[in-house]
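Please consult the sequence and the coordinates alongside the text.

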Amino acid sequence: MFDIPTLIAAIIAFLVAITIHECAHAIVANWLGDPTAKFEGRISLNPLRHLDPMGTILLFLVRFGWGKPVPVNPQNLRSPLRDQALISLAGPVSNLLLAMLLVMLIKYGLVPTGGILSTIFFFTISLNIALMVFNLLPIPPLDGSKVLFLFLGQKYAYISDWLEDNGPLVLFGLIIVSNFFGLPILQTFITRAVDFVLAALYL
C-alpha cells in the first residue's frame, strides 16, 4: 500500500526511467543510421511519447513493466545484429548512468534528506536499476535478447528465430509464475541484482 507522497514519487520515478530508457534507444538508433524512431518523435523527453499502456498497468499490478518499443528498421543499419544489440543496450546503460548521477548527488549532499524530493530520488535510483536488470534478461522482447542474438550470430539463427517466436510467452509465463504461484523467480533475481548494484554505487 502506498501513501499519496510515495505514490507520486513512484509515478515520477517510473516516468523518468521509462523516458530516459526509450529516448536512449531512439538516439542510438538514429546515430547508427536508422531515423525511424526520430521520424516518429521518439527522440523526446516527453513521457507520453514513450508510455505503453499495458506495460504501465502491469508495472503497478505485478511490478514488471516496460515502455512503448522504439521502432527499428534493420535495413537501415550497416551491421544489423551488432547495431541492434547496441541500440538495445542503450536503454539499460542510460538507466544505470542516471542512477549513478543521482547517487553522486546524494553522496555530495546535494539532495536534502527526508521529504518528497528524497523519496523521489530513492524511487528513481531503485527503479532505474530494476529496469536495467529486467531489460537485460535475454528473453525477447527484452533488450538482452538482442545481445544474445549477436553472440548466437547467423550460425545459430534458428535459436534466435525460436526465441523471437516464443520469448514473449516464456516471459509472461515467468511473470505469472512469479506473481501468482508462490515462486518469485523474477522478483528474487531482480531484487538481489538491484541490491548488488545499489551497494556498489553507494561504496
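Buried denotes a relative accessible area under 20%, exposed one over 50%, and partly exposed the range in between (1.4 Å probe, protein chains only). The model is predicted, so local features need pLDDT of at least 70 and side-chain atom pairs count only at pLDDT 80 or more, whereas totals for chains, interfaces and linings use all residues. Residues are numbered from 1 along each chain as its sequence is written, and side-chain values use heavy atoms, with hydrogens and water left out.

Tyrosine 156 is partly exposed because its relative accessibility is 33%, and tyrosine 158, at 54%, is exposed. Their rings form a tilted aromatic pair, 6.4 Å centre to centre with 55 degrees between the planes. Rings of Phe, Tyr and Trp (its six-membered ring) pair if their centres lie within 6.5 Å; planes under 30 degrees apart are stacked, over 60 edge-to-face, and the rest tilted.

Asparagine 128 is found in helix H5 and is buried because its relative accessibility is 0%. Its side chain reaches the backbone oxygen of threonine 124 at 2.7 Å, a polar contact being a pair of N or O atoms within 3.5 Å; within protein, one must be able to donate a hydrogen and the other to accept it, and residues adjacent in sequence count only if both atoms are side-chain atoms.

Conventions:
Helix = DSSP H or I, 4+ residues; strand = E, 2+ residues; numbered from the N terminus.
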